[in-house]
Amino acid sequence: MITRYTPVASLTAAVFSLMAFSPASALELAQAQETQQAPAQPGAKSAPISEEKIEAFAVAYLQVDKVRQEYSAKIGATQDAAAKEKLQTEASQQMVKAVEASPNISVEEYTTILTTAQNDPALAKKVEEKLQSTAPAQQAPTQQ
């Protein structure tokens with residue numbers, strides 16, 4: 001796979017406008033489910049995000065992106081609307097599982113970092129840098 005994590009605007013645009021589904025929408029669904037299980041912590045979103053959490057987010061994001069790429073191809077190749085919807089649901093579930101399987105980050109933390117990075121250029125830059133340094137370790141030792 002080719003690493004293509006470049007400008008901050010591209011990062012946030014990619015996250016929030018991916019075909020018919022996105023990691024963000026999948027995780028919003030998961031967050032709603034998680035909120036039913038555990039009450040939200042008020043003020044948690046305003047707390048500074050640690051380097052450890054940004055690194056954990058980058059690892060999880062790359063796994064979610066792999067799922068997104070896999071399902072985007074499947075959805076794009078499918079003509080039947082019902083089949084597309086089923087694939088979108090499946091993709092959302094797989095994205096949530098990818099975050100849950102990632103170490104040191106919860107679905108809620110992932111969603112918080114994702115939405116905060118969209119509104120905070122400094123955080124978005126940190127996330128972008130972490131994605132660039134994490135992607136080669138996750139995918140291949142070479143970088144363009």
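Gln-69 counts as partly exposed because its relative accessible area is 22%, where partly exposed is the range between buried (under 20%) and exposed (over 50%), found with a 1.4 Å probe on protein chains only. This residue sits in helix α3; helices here are DSSP runs of H or I with at least four residues, strands are runs of E with at least two, and both are numbered from the N terminus. The side chain of Gln-69 joins that of Asp-65 through a polar contact of 2.8 Å. A polar contact is a pair of N or O atoms within 3.5 Å; within protein, one must be able to donate a hydrogen and the other to accept it, and residues adjacent in sequence count only if both atoms are side-chain atoms. Gln-69 can also be placed relative to Ala-91, 22 residues apart from it along the chain, with 9.8 Å between the two C-alpha atoms.

All of this comes from a predicted model, in which local features need pLDDT of at least 70 and side-chain atom pairs count only at pLDDT 80 or more, while totals for chains, interfaces and linings use all residues. Residues are numbered from 1 along each chain as its sequence is written, and side-chain values use heavy atoms, with hydrogens and water left out.

Of its 144 residues, 38% count as buried. Contact means heavy atoms within 4.5 Å, and among the contacts with a separation of 6 or more, 80% link residues 24 or more positions apart.

Ala-91 belongs to the buried set of helix α4, along with Leu-87, Ser-92, Met-95, Val-96, Ala-98 and Val-99. Helix α4 covers residues 81–101, and its 21 residues should span 30 Å at 1.5 Å a residue, which agrees with the 30 Å between its end C-alpha atoms. The expected span is 1.5 Å times one less than the number of residues. Lys-86 is also found in α4, but this residue counts as exposed because its relative accessibility is 58%. From Lys-86 to Ile-75, eleven residues apart in sequence, the C-alpha distance is 9.4 Å.

Next comes the loop between α4 and α5, where Asn-104 lies. Asn-104 is not a glycine, yet has a positive phi of about 65°.

Helix α5 has 13 residues and reaches 19 Å from first C-alpha to last, close to the expected 18 Å. Its buried residues are Val-107, Tyr-110, Thr-111, Thr-112, Ile-113, Leu-114, Thr-116 and Ala-117. The side chain of Thr-116 reaches the backbone oxygen of Thr-112 at 2.7 Å. Leaving aside residues up to four places away in sequence, Thr-116 touches Ile-49 and Leu-123.

Finally, α3 (residues 51–77) packs against α5 (residues 107–119) at an angle of about 95°, with the axes 10 Å apart. That makes the two helices roughly perpendicular, a label for angles of 65 to 115 degrees. The axes are lines fitted to C-alpha atoms over the stretch in contact, and angles run from 0 to 180 degrees between N-to-C directions. On the α3 side the contact uses Lys-53, Phe-57, Ala-60, Tyr-61 and Val-64, and on the α5 side Glu-109, Tyr-110, Ile-113 and Leu-114. By class, that contact holds seven nonpolar, no polar and two charged residues; Ala, Val, Leu, Ile, Met, Phe, Trp, Tyr, Cys and Pro count as nonpolar, Asp, Glu, Lys and Arg as charged, and the others, Gly among them, as polar.

How values were computed: Angles under 35 degrees count as roughly parallel, over 145 as roughly antiparallel, 65 to 115 as roughly perpendicular and the rest as oblique.
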